[in-house]
Amino acid sequence: VLEYAKNGLPGITKTVKVEGSGPKPKMGDKVRINYSCFLDNGRVVAQSGLRGGDETIRIGMREMWGTAGDLGLLSMTAGEKSILICEHEFAGPEAGSGKTNVEVRLHEIIDPAEAERREQRIMLGAVGVFFLMVLTVLFFKGFHLFGW
């Protein structure tokens, strides 16, 4: 049991399916994960990336499935695969009044310096695409102005 609900029953429980061998993340760390969230009835309510691909998130920002995701990830080690069962008060609005089952794999904890470099490369790429589009429009407008 990772956390108890207000009614005193287990709020978040974790079952380790594959042991990890890396370090544990800390609050504020960026991690690369793969996860799927299911309601009790089997309906998928959230999934990482497109069609279950990897996703990078910052722990403590409730970027996945509410408080349960952050608490669950803080208890994991890099390389671990676990199932979290979360009461609705920890799982976010998608859970309704039931439980959410989350299967999550913590692939790696991303070095903050590397994360900063990745974000800068993405930003520079977006700026480059924008300027390429502007130049293309100006180029074709120039053809039009000169009657070409």
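**View 1. Cysteines and the search for disulfides in the predicted model.** In this predicted model, a search of the whole structure finds 0 disulfides. A disulfide is a covalent bond between the sulfur atoms of two cysteines. For Cys37, the closest cysteine sulfur is the one in Cys86, and because 7.5 Å lies between the two sulfurs, they are too far apart for a bond, the cut-off being within 2.5 Å. Cys86 is likewise in no disulfide, its nearest cysteine sulfur being that of Cys37, 7.5 Å away. Cys37 counts as buried, at 0% relative accessibility, and Cys86 is also buried, with a relative accessible area of 0%.

**View 2. The largest nonpolar core, which holds 18 residues.** Among the members of this core, Val31, Ile33, Tyr35, Leu73, Val102, Val104 and Leu106 are those that touch the most other members. At least two residues of the core are supplied by each of β3 (30–39), α1 (67–74), β6 (81–87) and β7 (99–110), and the largest share, 4 residues, comes from β3. In soluble globular proteins, nonpolar side chains tend to be buried together.

**View 3. A nonpolar patch on the surface.** The patch is formed by Met123, Val127, Phe130, Phe131, Val134, Leu135 and Leu138, which together have about 690 Å² of accessible area. One of these residues, Phe131, has its place in helix α3, which covers residues 112–145. Phe131 counts as partly exposed because its relative accessibility is 48%, a value that falls between the limits of under 20% for buried and over 50% for exposed.

Technical notes: Residues numbered from 1 in each chain as written. Predicted model: local features only at pLDDT ≥ 70, side-chain atom pairs only at ≥ 80, totals over all residues. Heavy atoms only, no water. Core = buried A, V, L, I, M, F, W, Y, C linked by side-chain atoms within 4.5 Å. Buried < 20%, exposed > 50% of the residue type's maximum accessible area, 1.4 Å probe, protein only. Patch = residues over 30% accessible without salt bridge, like charges linked within 9 Å, V, L, I, M, F, W, Y side chains within 5 Å. Areas by Shrake-Rupley, 256 points an atom, 1.4 Å probe, with all protein chains shown as cover. Salt bridge = Lys/Arg side-chain N within 4 Å of Asp/Glu carboxyl O.
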